[in-house]
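Morning, everyone. I will go through a few spots in this model, one after another. Please have the viewer open.

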Amino acid sequence: MKRDLISIEDLSLRKILEFLDLARRIEGMPLAERAHLLDGRLLGVLFFEPSTRTRLSFEAAMLRLGGRTIGFSEVASTSVAKGESLSDTIRTVEQYCDAIVIRHPREGAARLAAEVSRLPVINAGDGANQHPTQTLLDLYTLQHLFGRIDGLRIALVGDLKYSRTVHSLVHALAKFSGIEFVLVSPESLRLPEYVKAVPEGRLQARETTDLNEAIATCDAIYMTRIQRERFPDPLEYEKVKDSYLLDRAALRRAKPHLKVLHPLPRVNEIAPDVDATPHAAYFPQVGYGLIMRQAILASLLGGMS
Amino acid sequence: MSPEEKVLLIPKIENGFVIDHIPAGAGGRLLHLMQRHREFDNVLITLGQHYSSRRLGRKDLLKIQANELPSRFLQHLALLMPGVTVKRIRDFKVAEKVVMETPDLVHEILRCPNPNCITNHERGMGTTFHLVERETKTFRCNHCERHFTQTALTATLNI
Ligand SMILES: [Zn+2]
């Protein structure tokens with residue numbers, strides 16, 4: 001049976017650990033060998049909305065494994081713009097390639113693509129719903145930085161109400177043992193109750209509006225951007241925006257091993273003076289993301305088991 | 001003769017179905033739903049309202065002179081009015097009796113309330129909802145993965 005990667009909700013802890021293990025093996029593999037894992041394979045990269053960062057990561061991952069890619073990065077010049085259904089686009093493109101990566105502004109689009117296609121389908125973001133490769137690369141980054149995920153104390157900071165990245169990460173981390181969450185957000189952007197109600201039971205979580213408290217006690221801080229559009233009252237935004245700004249001065253109270261992660265792009269929530277500190281892990285995170293996407297491609301395209 | 005049996009006798013049907021234990025006042029809504037199922041176009045249906053019931057105090061009931069009830073209708077019924085009883089009548093007697101329960105799976109009959117769900121944009125595409133919590137009657141859309149209460153889901157039926 002073909003395998004897809006559509007939603008982090010579909011993955012058991014065992015499956016997640018398999019991806020982490022595969023990523024580690026790929027990272028340890030001699031370059032000469034790694035560069036031919038997917039020789040002769042073709043990946044369809046279908047971006048129905050622009051997301052340059054994610055697209056480049058998938059394309060680099062495929063090319064560096066010896067495979068090739070075709071696709072589009074927005075729909076303006078495609079048959080989709082003429083009103084073609086998603087099913088028809090998928091059934092056409094699948095005649096050309098060996099697997100499909102899809103990014104789409106509508107929730108559930110990747111699931112539909114997986115249903116109509118005989119090829120493995122990877123979800124690179126479906127509206128506000130899922131972005132499972134981001135979650136897997138976040139986990140791989142944590143694993144890499146700390147040698148483990150179990151037992152970490154992790155702060156999630158910023159817009160915890162609407163951030164798809166945060167919701168998926170919470171659900172994935174809840175599958176590990178002994179994770180202590182510190183949820184740092186303005187009152188109006190707190191993590192919704194339905195996200196806290198994970199299948200594993202209640203989260204071990206502390207909620208606060210104070211970023212400094214998290215800095216002093218956590219192993220990792222996962223920053224997200226607070227978007228102005230989320231606030232009905234612009235004054236309200238002005239009041240909170242600077243409370244979630246991380247700079248070098250604020251990090252003086254951090255544990256020496258504290259690492260700062262961010263899904264990027266950052267705007268002003270992490271000051272540039274943090275970049276040169278040993279705490280900054282957001283650019284290495286991009287590199288681990290490349291490895292994780294290679295692992296996902298190798299796994300789904302059968303280059304490695 | 002028990003009060004329950006008396007109720008079933010007026011007007012007696014020889015073969016067909018009785019939908020019983022409908023909350024009082026909801027029978028009209030159910031009749032309205034049935035009018036949206038073409039299979040009932042030429043079927044004799046009698047609505048009884050405000051019968052006394054030991055269980056509900058007052059109840060409505062519907063008598064339907066048809067050989068079968070369409071499965072789409074039964075799905076709608078289970079979703080809208082869990083707790084009602086469907087009785088199959090043969091030779092004036094109750095031959096079979098089923099209490100409708102909130103279904104575990106609702107396939108193809110509802111629209112997803114999330115306007116950005118792909119099911120609302122892809123031509124000819126159906127929906128699937130899974131019951132994720134029976135107590136609160138919460139369902140999850142198979143595609144957009146959002147959770148909806150039974151009330152939010154049936155609101156899209158527009159009856
Ligand atoms: Zn939906």
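A:Q294 is buried, at 0% relative accessible area; buried means under 20% relative accessible area, exposed over 50%, and partly exposed in between, with a 1.4 Å probe and protein chains only. This is a predicted model, in which local features need pLDDT of at least 70, side-chain atom pairs count only at pLDDT 80 or more, and totals for chains, interfaces and linings use all residues. Residues are numbered from 1 along each chain as its sequence is written, chains are lettered from A and ligands numbered from 1 in the order in which they are written, and side-chain values use heavy atoms, with hydrogens and water left out.

What does A:Q294 touch? Not counting residues up to four places away in sequence, the contacts are A:I26, A:R34, A:A61, A:R64 and A:L65, where contact means heavy atoms within 4.5 Å.

A:Q294 sits in helix α11 of chain A. Helices here are DSSP runs of H or I with at least four residues, strands are runs of E with at least two, and both are numbered from the N terminus. Helix α11 of chain A covers residues 282–300, 19 residues, and spans 27 Å from first C-alpha to last, close to the 27 Å expected at 1.5 Å a residue; the expected span is 1.5 Å times one less than the number of residues. Because 14 of its 19 residues are buried, α11(A) is largely enclosed by the rest of the structure. Just after α11(A) comes A:G302, with a positive phi of about 80°.

Next, a strand in chain A. A:A155 belongs to strand β5, residues 153–157, and is buried at 0% relative accessibility. Its C-alpha is 5.8 Å from that of A:L183, 28 residues away along the chain. Leaving out residues up to four places away in sequence, A:A155 touches A:V182, A:A214, A:C218, A:A220, A:I221 and A:Y222.

Now chain B and the metal. Which atoms are the protein donors of the zinc ion? They are the SG atoms of B:C112, B:C117, B:C141 and B:C144, lying 2.3 to 2.4 Å from the ion. Donors are N, O and S atoms within 2.8 Å of the metal (3.2 Å for Na, K and Ca), and water is not among the atoms, so sites may look incomplete. The 4 donor atoms subtend angles of 104 to 117° around the zinc ion, so the arrangement is tetrahedral, a label that requires all angles of four donors to lie between 85 and 135 degrees.

In sequence the donor residues are spaced C-x4-C-x23-C-x2-C. B:C117 is in the loop between β6 and β7 of chain B and B:C144 in the loop between β8 and β9, so this pair ties together parts 27 residues apart in sequence.

The UniProt annotation "binding site", from an unreviewed entry, covers B:C112, B:C117, B:C141 and B:C144. Although these are spread over 33 residues of sequence, they cluster in space, with a largest C-alpha distance of 9.0 Å. UniProt positions are in the numbering used here, feature names are shortened, and annotations may be inferred rather than shown by experiment.

Buried or exposed? B:C144 is buried at 1% relative accessibility, and B:C117 is buried at 0%. Leaving aside neighbours within four places in sequence, B:C144 contacts A:E107, A:G108 and A:N129 in chain A, along with B:C112, B:N114 and B:C117.

Key: Tetrahedral: all angles 85-135°; square planar, octahedral: opposite > 155°, others 65-115°.
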